[in-house]
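Here are some notes to read alongside the structure. Take them one at a time, and look up each residue as you go.

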Amino acid sequence: MSKYAVVLAGGFATKYWPISTEKSPKQFTHVYGDGTCIQNTYERLLQYYEKEKIYIVASYSHREIIKEQLSDIDAQNIIYEPFGKGTAPATALAIEYLLQNGADNDSLVAVFPSDHSINNNVEFYNSLDYAYEAANKLSSISTIGLTPDRPVTQYGYIQVNTADAHSNIGKSNVFKCETFAEKPDEGTAIRFVESGDFLWNSGIFVCKVSTFKQSYKKYLPEYYEGINSVFEYYNTNEYVEKLNYHYKQINPISLDYGILEKASNVVCIKGEFTWSDLGNWDELYRIQLKDANNNVLLGDIISIDNKNCLVNSSGKLIALVGVEDLIVIDSGGTTLICKRGEADRVQEIVDFLRRNHINKYL
């Protein structure tokens, strides 16, 4: 049973502006842990996979930063997109690429986000074992969910049928998926947590190559046919041109929306590891160690009588006196000041810059 890992490293996390920019998005920045997000993800997977079985999907415009941050990865293990079009096209591209580079229809592939935080690696690897086993035995798409400990509106949720557990896999922690829900409002999130049958969606999926292909053919036929036509030109001078043309024709779509919400063969492994999607500055504040005044101070900071603040400087001295509940981020000559609890609205700044074509800050 050949196991592959695909790390999706495209996209631009707008809620981490100004550290996350189009030239250097969140996955290539140091947010939490020892390295950048993608370095932390890659090092975690190296403890589970053979190096040659780990592939990265990234935008061609980030080829230099990929080579710099993952200097030991082979060039053939980097799959370039012309530009981001969502997780469904990126995964379809990766599957066909793997088939051209040693995988077959019985190979098993796990798809990972590149910018999440995971602790308790042993439990994480156990969950992967169960996900692979379920994908192989049940010909299912296996997801990994985490038990919510609070109502978070920024996460996706998976409703599982706790009465329909596969007792021969994963100590009965493998359940049939009923529904997927994206970023509910606060009241709905509270109901999800109280119900006991909703899990946080980690964004990790495991499946046989053949099952992925069947799912694309059934639920996203235009994507399936388009990427297959592109790979007729693989290893020719026309491949890049055909791939660019295909990406220009298709609409952005996520794997969740395009396939998982429609498929009937989706199961969920209940993970026991600690996980965060590091979705915005509020989430980073929540998981970081704090000082006696509940501040998170990263970089060159002078803090006098401040409480409940996140301050992050990339080189400039930042001094604060007598403030509370602020997020202050300095990066590359740009400064963000935001009230804690409002970090999702940072995306509005990026939208403003785009609308007004102020591209030098993006």
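**Notes on a predicted model**

1. Let's start with one residue. In this predicted model, Phe124 is buried, with a relative accessible area of 1%.

2. Now for the rings. A pair of aromatic rings is described by the distance of the centres and the angle of the planes. A search of the whole structure gives 22 aromatic pairs. One of them is Phe112 with Phe124, an edge-to-face pair with 6.3 Å from centre to centre and 65 degrees between the planes. This pair links distant parts of the chain, with Phe112 in strand β4 (residues 108-113) and Phe124 in helix α4 (residues 121-138), 12 residues apart. Phe124 also pairs with Tyr125; here the arrangement is tilted, at 5.6 Å centre to centre and 50 degrees between the planes. Ring pairs join these residues into a cluster, whose members include Tyr48, Tyr132 and Phe273.

3. Please look next at β4 itself. How many of its residues are buried? Six of the six are, so the strand is largely enclosed by the rest of the structure. In a regular strand the side chains alternate between the two faces of the sheet. In β4, Leu108, Ala110 and Phe112 lie on one side, with Val109, Val111 and Pro113 on the other, and all are buried.

4. Which strands pair with β4? Strand β1 (residues 3-8) runs parallel to β4 and is joined to it by six bridges, with Val7 standing opposite Phe112. Strand β9 (residues 198-208) runs antiparallel to β4, with four bridges between them. There, Phe205 is the bridge partner of Val111.

5. Asp185 caps the N-terminal end, with a side-chain oxygen 3.3 Å from the backbone nitrogen of Gly187. Just after the helix, Gly196 has a positive phi of about 85 degrees.

6. The charged end of Lys242 is 4.9 Å from the centre of the Tyr233 ring. Lys290 lies over the face of Tyr285, at 4.7 Å from the ring centre.

Terms used:
Residues numbered from 1 in each chain as written. Predicted model: local features only at pLDDT ≥ 70, side-chain atom pairs only at ≥ 80, totals over all residues. Heavy atoms only, no water. Phe/Tyr/Trp six-rings, centres within 6.5 Å; stacked < 30°, edge-to-face > 60°. Helix = DSSP H or I, 4+ residues; strand = E, 2+ residues; numbered from the N terminus. Buried < 20%, exposed > 50% of the residue type's maximum accessible area, 1.4 Å probe, protein only. Lys NZ or Arg CZ within 6 Å of the ring centre and 35° of its normal. Polar contact = N/O pair within 3.5 Å; in protein donor to acceptor, adjacent residues only side chain to side chain. Pairing = 2+ DSSP bridges.
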